[in-house]
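Hi,

Here is the structure I promised to hand over.

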Amino acid sequence: MTFPVLFFPLAFLLASSSVADSTPLTVEASVVPTTRIIADSIYYGGDILTMASDTAHYAQAVAVLNGKILFVGKKEQALLHQSDETVMVDLQGNTMMPGFIEPHLHPSIAAIMLPNEIIAPYDWVLPDETKIGVQGHDNYIDRITTSIEENAQSDNVYFIWGYHQLWHGELSRDILNRIAPDQPVAIIHRSFHEIYLNDAAIAAIGIEKKDFLGNPQVDWEAGHFYEGGWLALVPRMASNLLDLKRYLKGLSIMSQLVVQNGITTIAEPGFPSANFEAEYALLKVEMDKLPPYSVYLIPNGTQLYRMKGGNKQALAFTRTLDEKYNTDNIKFLPNQIKLFSDGAIYSQLMQMQDGYTDGHAGEWMTPPDLLKEQLSLYWDNDYKIHVHSNGDLGIQQVLDFNSADQKRNPRSDHRLTLHHMGYFTDAQAQQVADLGMDASVNPYYLWALADKYSEIGLGKERGENLVRINSLAEKNVPISFHSDFSMAPMEPLTLAWTAVNRVTSQGSKFSQDQRVDVYTALQAITINAARVLNLENEIGSIEVGKTANFVLLDENPLQIDPIMLKDIKVLGTVYRGE
C-alpha cells in the first residue's frame, strides 16, 4: 500500500492520540479525540506488541497518518480516525511489532562479500542460493581451487571471503601462488580484519614491501595483512574493492536481506572503510531506489584520522557531514563517532587479560596511546562514542580510559557504547554499569565460536562464557543486538534466539545462567537498538508521534517455545506508513 506524503504538525497529531495500552486494555476518557483527524491507515486484528515499556504491552489498533503514528490504543477509538479513504489493514491474527533495527551493519562489507565468492565454515543463506560451508584444510583448498579455476580472471582481483584458520588450516602467499600463479587472488578472513594476497594480487593492487615498513601487523612474505595492516591496506586497494558493477550488485542483495528479515533501519558505525566519496556515492545509488529502510552513518574516527592527517582534522571533518551529505534516507548521526580498541574475535586477536592457551598474542587495532587521545578528544567535545572492543583486556582498556575522562570531565547521559563485547567478566559488567555505558553486543559469537574456542585459544571457562549478556541485563545496562554483518547473518530474530537459548552450532548449551528472557531480547532489536543510535524518540516502539515502521510476523515471539524464535516468519514490513 502507498500513501501520499503530506505534512501535518505534530502538535495536532498529539492532540488526537492516546498512549499504548497494556493487557488488559484500558484507555482514559480524557484522551478520546476531540478533533476528528482522518488516518491514512488503521491496523487491527492481531497482536500489536508496542515495545513501549519495560514489560509487554499490546494495543488493539494503530492509526497512521503521513508516515507517523497517529493513535495507539483500543480499536473503537482508532475507528474515530476512519473515513472512506482510510485503508483498513486486518492483521488476521498475526503479530505486528516495531520494525527491527540493525544498529551495527556494514554496507561496504555486504557490498564486497555478497557478490563475490563465499567459502566459510558454515552455510550462508542468500536470497537466491545457499553457499555451503566447508571445514578441514584439504576440503577448503579444494573448494577455493575449484572456485578460482572456474571464476578468476587475470585482469581483476578475485575475492573469496570466509577463511578461518581454526576450521581451514594454514594459508599463505605461497599456497595461493601455487593455486593461482597468474590470477590475482585475495582471501578475506572470516573476521573481515585480515586478508591474504598472492603475487598477482600484490602486483594488481600496486603495492610494495616498502609501503608497509614498520607496520607490525603486516607479514609481507606470507602476503598477510591483519588489523592495523588491514586498515593500512584497504585504502590502497579501494579501486579493487569498489568495483562498480560488483559493489552495486552487493548493495542490491543487501537490500533484499534487510527487507526479508523485517529490518526497517540500519546503521553503519564506522564509515568509511576505504574511500569516503566512492562509498557514499555507491550507497546513494542504492538508496535512491527508495528501498523500504533508512540508513544512518557514524563516522569512522580511526580511518578519518589516517585520511585527514590527524584527530583534530578528523573531528573538524565530522562536523561538516550533516549539511553536506544527509538525504531523506541516508543520514549521518550528529556528534557520534566510532573508534577501535583491540583485534577481531573471529581472528582470535582480541586482547585477553590472561592470554591464550596456545601462547599466541592478541593485537591492538589502535595503539593504546592513540586510542586514549581519541577517546579524550571526542569525550571533551560531547560526542557519543562507539568503541569496537572484544576481549576483556581490550574492554578494560576502554573502561580505564573512560573512567579517567569521567573524573576529569564529568558528563551525564553520555551513552558511550561498547560494541561486540566478545568476552568480559561479571566485574567488568558492573564497571560498564557504574560508568553509565551502553552495550551493543553480538550474541552470534556464542553460536559460531564457543565450541571451537573452548578447545583452542580460550579454554573451557572463557570459551563457554562468550558474550555474557545476562551479566549486563542484571545490572540494568541498556543492551542492543547487532549482526556486524557479515560477522553474523542479517537476522535479528536469530540474534534474539541465540541470546535467549545460548545454543551453539554443535548443539551445546553453554552458560545457561547468561540466557535472557524473550522480551529483553526483543528490546535489544527494537527500542534499545534505537537508543544506541540516540533515535529512541523517533523509532523502536509503537508510540504516538513516532515513525510508522512495523514488522509483521506469523507468530507472537512471546507466545511460542523460545527455541522456535528464529523460525518465526517475517510476513512483511511497513516503512514510514507504506
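First, the ground rules. This is a predicted model, in which local features need pLDDT of at least 70 and side-chain atom pairs count only at pLDDT 80 or more, while totals for chains, interfaces and linings use all residues. Residues are numbered from 1 along each chain as its sequence is written, and side-chain values use heavy atoms, with hydrogens and water left out.

Cavities

Searching the whole structure turns up four cavities of 30 Å³ or more. A cavity here is a set of points, on a 1 Å grid over the protein atoms alone, where a 1.4 Å probe fits but cannot get out; lining residues have an atom within 4 Å of a point. Grid points are joined across faces, edges and corners, and a volume is the space filled by probe spheres set on the points.

The largest cavity holds about 400 Å³ of space. It has 32 lining residues, and I109, F192, H193, W230 and S273 are the closest to its centre. By class the lining has 17 nonpolar, 12 polar and three charged residues (nonpolar: Ala, Val, Leu, Ile, Met, Phe, Trp, Tyr, Cys and Pro; charged: Asp, Glu, Lys and Arg; polar: the others, Gly among them). At least two lining residues come from each of α3 (107-113), α8 (228-233), β15 (263-271) and β18 (336-340), and α3 gives the most, with three. Helices (H or I, at least four residues) and strands (E, at least two) are DSSP runs, numbered from the N terminus.

The second largest cavity has a volume of about 90 Å³. Its lining divides into 10 nonpolar, no polar and two charged residues; W124, R190 and Y346 are among them. Helix α18 (residues 444-455) gives the most to this lining, with four residues.

Helices

Helix α21 (residues 492-501) is largely enclosed by the rest of the structure, because 10 of its 10 residues are buried. Buried means under 20% relative accessible area, exposed over 50%, and partly exposed in between (1.4 Å probe, protein chains only). Just after α21, R502 takes a positive phi of about 50 degrees.

In α13 (residues 311-318), the buried residues include N311, A314, L315, F317 and T318. They cover an arc of only 160 degrees around the axis, so they sit on the same side of α13; the arc is that of the directions from the helix axis to the C-beta atoms. Their cover includes α11 (276-287), β16 (294-299) and α15 (368-380).

Nonpolar cores

The largest nonpolar core has 140 residues, and those with the most contacts inside it include M254, I385 and F481. Its largest share, eight residues, comes from α18. A second, separate core of 18 residues includes I119, Y140, I144 and I187. A core is a set of buried Ala, Val, Leu, Ile, Met, Phe, Trp, Tyr and Cys residues joined through side-chain atoms within 4.5 Å.

Two single residues

M113 is in helix α3 and counts as buried, at 1% relative accessibility. Leaving aside neighbours within four places in sequence, M113 is in contact with I118, W124, W161, F192, F485 and S486, where contact means heavy atoms within 4.5 Å. M113 and Y247 lie 134 residues apart in sequence but 8.9 Å apart in space, C-alpha to C-alpha.

Q523, in helix α22 (residues 518-524), is buried with a relative accessible area of 12%.

Best wishes

Conventions: 1 Å grid on protein atoms, 1.4 Å probe; cavity = no way out; pocket = protein on both sides within 12 Å on 5 of 7 lines; lining within 4 Å.
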